[in-house]
Amino acid sequence: YMTAKNRCTTCGACCACFSVIVGTDEIKSPKGEYRLPLDLIVPLIKNRYAMQGRQGKIKRCAGLNGIVGQTVCCTIYDHRPASCREFRAAWEAGVVNAKCDLARAAYGLFAFSVF
C-alpha cells in the first residue's frame, strides 16, 4: 500500500481519471508468474491491456480502494504498472505535473502546492 507520508493517499484522482495501459511483460514475469491479478485487466489490442475499471459505469481503476479526495489506497501498489510507478504528484521533488492538477480539478480538488 501507499505510505502514510504519500500525499496521494488523500487523493487518488489520477487513478479515477486516466486509463492505465499495461504491456504483456507487466502481467507475467519471465518465469510465468502473474504480477497483476487477471480480474483487474482487460485486453485491448495485441500485447496491450488496460487496468479494469475505466471501461465500466464507475470510471476508476479497479485496484483503487477508498474515496477519491479523502482516503485511498492502491490494492496492487507493490505490483502496479510502470505508468503508475512513473506518475508523480504535482510538485513532488519540485516538479510540476499538469496531469495531476487536471485529475484533481476533475474531482473539485485544489492543485497540490510546492512541498
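Residues are numbered from 1 along each chain as its sequence is written, and side-chain values use heavy atoms, with hydrogens and water left out. Because the model is predicted, local features need pLDDT of at least 70 and side-chain atom pairs count only at pLDDT 80 or more, while totals for chains, interfaces and linings use all residues.

Colleague: Are the planes of Phe 18 and Phe 87 stacked, edge-to-face or tilted?

Modeller: Rings of Phe, Tyr and Trp (its six-membered ring) pair if their centres lie within 6.5 Å; planes under 30 degrees apart count as stacked, over 60 as edge-to-face and the rest as tilted. The centres of Phe 18 and Phe 87 are 6.1 Å apart and their planes stand at 45°, so the pair is tilted.

Colleague: Is Phe 87 buried, partly exposed or exposed?

Modeller: Buried means under 20% relative accessible area, exposed over 50%, and partly exposed in between (1.4 Å probe, protein chains only). Phe 87 has a relative accessible area of 24%, so this residue is partly exposed.

Colleague: Is Ala 93 buried or exposed?

Modeller: Ala 93 has a positive phi near 60° although it is a residue other than glycine. Its relative accessible area is 75%, so Ala 93 is exposed.

Colleague: Over the ring of which residue does the charged end of Arg 104 sit?

Modeller: A charge sits over a ring if NZ of Lys or CZ of Arg is within 6 Å of the ring centre and within 35 degrees of the ring normal. For Arg 104, the charged end is 3.9 Å from the centre of the ring of Phe 112.
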